[in-house]
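Work through the exercises below with the sequence and coordinates open. Each task is followed by a stepwise solution.

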Amino acid sequence: MKTVILDARRLLCPMPVIRVQDRLADLEPGTRLVAYCTDPGALIDIPAWCRINGHHIVETRTEGDDYIVVLEVGRGGNDRSI
Amino acid sequence: MTRQVKAVALISGGLDSLLAVKVVQDQGVHVEGINFFTGFCVEGHTHAIRKKEKAKPKRNNALWVAEQLGIKLHILDIIEEYKEVVFNPKHGYGANLNPCLDCKVFMVRKAHEWIERNGFDFIITGEVVGQRPMSQRRDTMPVVSRESGADDLLLRPLSARNLPETRPEREGWVSRDRLYGFSGRSRKPQMELAQRFGFDDYAQPAGGCCFLTDANYSSKLADLWRFRGAKAYEIDDIMLLKVGRHLRPRPNFKVIIAREEGEGRFLQGYRKQFVNLETVSHPGPLALIDGEASEEDIQLAARLVARYSKGRGDDRVELQVSGRDGVSHRLAVVPLSADEVPESWHL
C-alpha cells in the first residue's frame, strides 16, 4: 500500500484541510496519507472533511507537538474537479 | 430518464446557508458546498491559537453544516486572488476595512466559474434582502448577480419571493412556491424554519465571519499598510494581526507580545523570521519585533516586554534577545511603568 506524507505543521485550520484536500486530488483510492499538523483543530476538521467527502480515517494521534491524522483515499472519493 | 439538477452553495457555516441548502435539497436538487478561505476568516483561527479556548474544542462550522446536510464541501484557498478585493474594492469599504459587496461579487463569480467547470446548473446563497447593511440590500443584491456574471443563475432561496424570478425557477428546477420571502434583520423567521427542519445546533450569528469587519483588526491592518508604505500583506502578516498585543513605540517597528501561553506557543513558530525577546529572570511573554530596530529600539522593546512580565514591579528584568540568525544575547532592563506606555502605542 502506497503511503504519502503531508507536512501541514504551523498551518491553522482550515489550511491543513485544504492541503489534505488538494493532495488527495492526485492520489489513487486505497492510498494512505499521513498528515502532520500542529493545529489541534486538525484532529476534528480533517476527519469531518473526510467523512463528507468519502475518505476513511485510519487513525488520529498526538506525538509531542504534532497532531497526526492517517487516512485512506476513498474509492471514487477523490475530487479531481477542484 | 430525468437529468439530475445540480447546484453549488456558498457555505459560510452560519444558519442562512444551512437553511438555503436544505430548502433546495428538499426539492430534489443535488447540492454541493463551496467554502472560501480568504485568510481573514474567523473560523478556527483564534480558537486554535488561544489556550483558554482549548477546553471547548472548536469545530469548523462550514464542515459541520456540510455534514448536517450530507453534502460534499470544497474548501478553496483564495488568499492570493482575494488581495485585489481587499486593496481596491470597487464599491468601497464598510464601517471598517470590510469590502463586503466586492467580496460577495468575487465569491459568486468564483462559484460561477466553478459550476461552469464542473457541469453544475446554478448557485445558491443564504442571502436575505435587508439583512446586511452593504451586501444584502435590495439595491445591492442585483449588483452581486450582475457583476459576478452569474446573473439569473444565482438563487437566494430564503429571499427569492422578494426578488425577480431566476432561471432555476423558470426552468422548473425548483418551485418558487416552495421558496421563501424573508427580509430584514430579524433572525426569527430563520430560527423558526430551522426548528421546522429539526436543526437545533447551529452557529449563532455573531456579527459576521470575517476579521475585516472587526474595528480593532482593521486598525492593525491599516497601521501595517501605513508603516510599510503600501497596501500589501502576506498570509503570515494577517495571521499575526490576530495574535497578541500590538504596540508601536516608534514608526520603524512594532512589538507583538503574546497574551497567554497558547499565543506564545504560536509566536514561537515565527522566531526565525523576527528579532524576538523573552524574559528569563521572571515568567513573561514571548514577543516579536516587526520592523528594523536599532540597539536603542531593542532596549525600549525589552523594557516594554518586561512591563508585561511578572517582574513589572521589580527594578531589573533580564531578557534573552534572539536575532533572525538565531544568535542570542542577554539584556537587563528596567521595566517601563504604566505611565511610560502611552495609549497611542496600542494598535
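## Exercise 1: Domains of chain B

In this predicted model, chain B is assigned two stretches, domain 1 (6-210) and domain 2 (243-345). Task: state how far apart the C-alpha centres of domain 1 and domain 2 of chain B lie.

## Exercise 2: Confidence

Task: report the confidence values for the complex, for chain B and for chain A, then locate the stretch of chain A where pLDDT stays under 50.

Solution. 
1. For the complex, the predictor gives an ipTM of 0.88 and a pTM of 0.88.
2. Chain B has a mean pLDDT of 91, with 93% of its residues at 70 or more.
3. Chain A has a mean pLDDT of 89, with 91% of its residues at 70 or more.
4. Within chain A, the element with the highest mean pLDDT is strand 2 (residues 32-37), at 97, and the one with the lowest is helix 2 (residues 42-53), at 94.
5. The stretch under 50 covers residues 78-82 of chain A, for which the model has 13 contacts beyond four places in sequence.

## Exercise 3: Helix 1 of chain B against helix 8

Task: classify the packing of helix 1 (residues 15-25) and helix 8 (residues 188-197) of chain B, and list the residues that meet.

Solution. 
1. The axes lie 10 Å apart and the packing angle is about 50 degrees.
2. An angle between 35 and 65 degrees is neither roughly parallel nor roughly perpendicular, so helix 1 of chain B is oblique to helix 8 of chain B.
3. Helix 1 of chain B passes helix 8 of chain B in a left-handed crossing.
4. From helix 1 of chain B come B:Leu15, B:Asp16, B:Leu19 and B:Lys22; they meet B:Gln190, B:Leu193, B:Ala194 and B:Phe197 of helix 8 of chain B.
5. By class, this contact of helix 1 with helix 8 of chain B has 5 nonpolar, 1 polar and 2 charged residues.

## Exercise 4: Helix 1 of chain B against helix 3

Task: repeat the classification for helix 1 and helix 3 (residues 61-69) of chain B.

Solution. 
1. The two axes come within 10 Å and cross at roughly 20 degrees.
2. The cut-off for roughly parallel is an angle under 35 degrees, so helix 1 of chain B is roughly parallel to helix 3 of chain B.
3. The crossing of helix 1 with helix 3 of chain B is right-handed.
4. B:Ser17, B:Leu18, B:Val21, B:Lys22 and B:Gln25 of helix 1 of chain B meet B:Val65, B:Gln68 and B:Leu69 of helix 3 of chain B.
5. The class count for helix 1 with helix 3 of chain B is 4 nonpolar, 3 polar and 1 charged.

## Exercise 5: The helix pair of chain A

Task: describe how helix 1 (residues 15-24) and helix 2 of chain A cross.

Solution. 
1. Their axes come within 9 Å and cross at roughly 35 degrees.
2. The crossing of helix 1 and helix 2 of chain A is right-handed.
3. A:Pro16, A:Val17, A:Val20 and A:Gln21 of helix 1 of chain A meet A:Ala42, A:Asp45, A:Ile46 and A:Trp49 of helix 2 of chain A.
4. These contact residues of helix 1 and helix 2 of chain A divide into 6 nonpolar, 1 polar and 1 charged.

## Exercise 6: Backbone of a loop in chain A

Task: examine phi of A:Arg10 and the peptide bond from A:Cys13 to A:Pro14.

Solution. 
1. Most residues other than glycine have a negative phi, and most peptide bonds are trans.
2. Phi of A:Arg10 is positive, near 70 degrees.
3. The bond from A:Cys13 to A:Pro14 is cis, with omega near 15 degrees.
4. A:Arg10 is in the loop between strand 1 and helix 1 of chain A, and A:Pro14 lies in the loop between strand 1 (3-8) and helix 1 of chain A.

Definitions and conventions. Residues numbered from 1 in each chain as written. Chains lettered and ligands numbered in written order. Predicted model: local features only at pLDDT ≥ 70, side-chain atom pairs only at ≥ 80, totals over all residues. Domains from an automatic or database assignment. Axes fitted to C-alpha atoms, helices over the stretch in contact; angles between N-to-C directions. Helix = DSSP H or I, 4+ residues; strand = E, 2+ residues; numbered from the N terminus. Parallel < 35°, antiparallel > 145°, perpendicular 65-115°, else oblique. Left-handed = near helix turned anticlockwise from the far one by under 90°. Contact = placed C-beta atoms within 7 Å. Nonpolar A, V, L, I, M, F, W, Y, C, P; charged D, E, K, R; others polar. pLDDT = per-residue confidence, 0-100.
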